[in-house]
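This report covers the surroundings of a ligand and the aromatic rings of a protein. The sequence and structure come before the text.

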Amino acid sequence: MATINDNYLKLKAGYLFPEIGRRVNAFAESNPEAQIIRLGIGDVTEPLPQACRTAMIKAVEEMGDRHTFRGYGPEQGYVWLREKIATHDFQSRGCEIDASEVFISDGSKCDCGNILDIFGSDNSIAVTDPVYPVYVDTNVMAGHTGDANEVGEYGGLVYLPVTAENSFTAEIPTQKVDLIYLCFPNNPTGAIASKAHLQAWVDYAKTNGSIIFFDAAYEAFISDPDIPHSIYEIDGARECAIEFRSFSKNAGFTGTRCAFTVVPKTLTAKAADGSDVDLWKLWNRRQSTKFNGVSYIVQRGAEAVYSDEGQAQTQALVSFYMENARIIREQLSAAGLEVYGGVNAPYVWVKTPHALTSWEFFDKLLHTVNVVGTPGSGFGAAGEGYFRISAFNSRENVEEAMARITDKFSI
Ligand SMILES: *Cc1c(COP(=O)(O)O)cnc(C)c1O
């Protein structure tokens with residue numbers, strides 16, 4: 001009889017978004033005239049940049065001509081794309097990253113999970129709370145945790161709470177952990193990390209022989225020149241950090257699919273016999289075996305992000321969403337709410353008033369102004385009492401939602 005991976009049974013059945021859907025549908029059924037505005041989704045809304053579309057159309061035509069047709073590409077991605085990334089995203093910021101250390105993939109979400117393939121099952125793992133759920137669930141699936149308790153915390157994981165009290169930056173742990181997930185600019189809190197904060201993490205990792213998984217999916221939303229875009233802007237990070245990047249949010253590639261992971265050749269971790277093993281070699285082996293590369297057409301689309309037009313067009317997209325974020329921040333503050341984030345990140349993190357729970361606030365917003373957001377408690381126990389509003393939406397929806405809150409929402 002075939003058996004299953006029992007770790008999957010430990011997963012809390014995808015609770016957050018189905019529950020939001022259930023409550024919104026129930027409300028819509030009893031209030032069919034209500035015009036509901038969804039500001040809860042972490043997906044982009046604006047169309048692909050022209051430069052990316054033009055490059056992909058040309059690539060499709062090349063695939064239709066036997067002289068320029070391409071079959072399997074390199075599993076690591078085409079060199080022309082890896083070089084543009086290394087030069088533009090890293091070397092131009094003073095980070096010593098070589099094209100050979102950049103691995104193109106079809107998404108950061110999958111890479112965040114897949115990376116666990118090359119690590120042992122005995123590592124201690126730290127995540128912030130609240131957190132992007134993928135980091136936790138992939139560790140549950142890999143058997144790195146115990147069962148979940150009633151607030152959804154899994155046994156065996158080290159949770160680092162981030163709240164207004166610590167300015168949404170986790171304290172460096174006092175105990176030793178082997179793998180640490182950091183996401184800056186942060187989803188869901190919209191928090192950013194200063195150079196000093198990241199330096200403290202890198203120093204900790206180097207002292208303890210830990211590896212940092214640095215998720216920089218939202219780096220394009222940073223406007224403050226003092227905030228690092230990459231962990232490799234920090235001294236020593238080449239010895240302790242893997243970075244995940246994506247074209248999903250800066251260039252609207254959520255449906256097109258292209259991302260990359262940086263694994264420096266200077267990274268090592270311990271084998272069972274105590275020897276140091278190169279992580280680059282293991283990741284290269286893993287990708288060459290389990291992955292066959294991203295479509296040529298999509299990689300040409302991603303390459304176009306680095307052209308002059310592509311840069312101008314992606315910057316325009318980012319500015320558009322950040323103007324939404326500014327409107328949300330200002331209007332919610334004017335309505336008397338305590339708001340965080342939304343300055344160098346496309347998420348605004350709201351403190352629920354009068355000690356309402358995240359779900360009570362969700363219901364109140366839905367029922368009084370027909371606006372949907374995401375309850376903070378869905379991202380972790382320490383997210384209780386907070387609420388996420390996404391800037392990924394049309395200007396019209398953002399303005400209408402904020403006007404309703406200003407007019408009708410009383411705190
Ligand atoms: C959107 C997002 C990503 C990007 O995932 P893709 O699979 O590349 O679309 C990665 N990390 C976080 C925290 C995100 O919110």
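A charge sits over a ring if NZ of Lys or CZ of Arg is within 6 Å of the ring centre and within 35 degrees of the ring normal. Arginine 82 meets this for phenylalanine 103, lying over the ring face at 5.6 Å from the centre. In a second case, the charged end of lysine 265 is over the ring of tryptophan 280, 4.6 Å from its centre.

The model is predicted, and local features need pLDDT of at least 70, side-chain atom pairs count only at pLDDT 80 or more, while totals for chains, interfaces and linings use all residues. Residues are numbered from 1 along each chain as its sequence is written, and side-chain values use heavy atoms, with hydrogens and water left out.

**Aromatic pairs**

A pair of aromatic rings is described by the distance of the centres and the angle of the planes. Rings of Phe, Tyr and Trp (its six-membered ring) pair if their centres lie within 6.5 Å; planes under 30 degrees apart count as stacked, over 60 as edge-to-face and the rest as tilted. The whole structure holds 28 aromatic pairs. In one of them, the ring centres of phenylalanine 168 and tyrosine 386 are 5.8 Å apart with the planes at 80°, so the pair is edge-to-face. Phenylalanine 168 is in the loop between strand 4 (157–161) and strand 5 (179–183), and tyrosine 386 is in strand 15 (residues 386–390), so this pair ties together parts 218 residues apart in sequence. Strands here are DSSP runs (E, at least two residues), numbered from the N terminus. Phenylalanine 168 is buried at 6% relative accessible area, and tyrosine 386 is buried at 3%; buried means under 20% (1.4 Å probe, protein chains only).

Phenylalanine 213 and phenylalanine 244 also form an edge-to-face pair, with 6.1 Å between centres and 70° between planes. Phenylalanine 213 belongs to strand 6 (residues 211–215) and phenylalanine 244 to strand 7 (residues 241–246), 31 residues apart. Both residues are buried. Elsewhere, ring pairs join Phe90, Tyr232, Phe247, Phe253, Phe260 and Tyr306 into a cluster.

**Ligand contacts**

The ligand has 13 residues around it, and those that come nearest are Asp215, Tyr218, Ser246, Ser248 and Lys249; a residue counts as near if one of its heavy atoms lies within 4 Å. The table gives polar contacts, meaning pairs of N or O atoms within 3.5 Å.

| Residue and atom | Distance to a ligand oxygen atom |
|---|---|
| Serine 108, backbone N or O | 2.8 Å |
| Lysine 109, polar backbone atom | 3.0 Å |
| Tyrosine 218, polar side-chain atom | 2.6 Å |

The protein covers 93% of the 390 Å² of accessible area that the ligand has on its own (Shrake-Rupley method, 1.4 Å probe).

Methods: A polar contact is a pair of N or O atoms within 3.5 Å; within protein, one must be able to donate a hydrogen and the other to accept it, and residues adjacent in sequence count only if both atoms are side-chain atoms. Helices (H or I, at least four residues) and strands (E, at least two) are DSSP runs, numbered from the N terminus. Buried means under 20% relative accessible area, exposed over 50%, partly exposed in between (1.4 Å probe, protein chains only).
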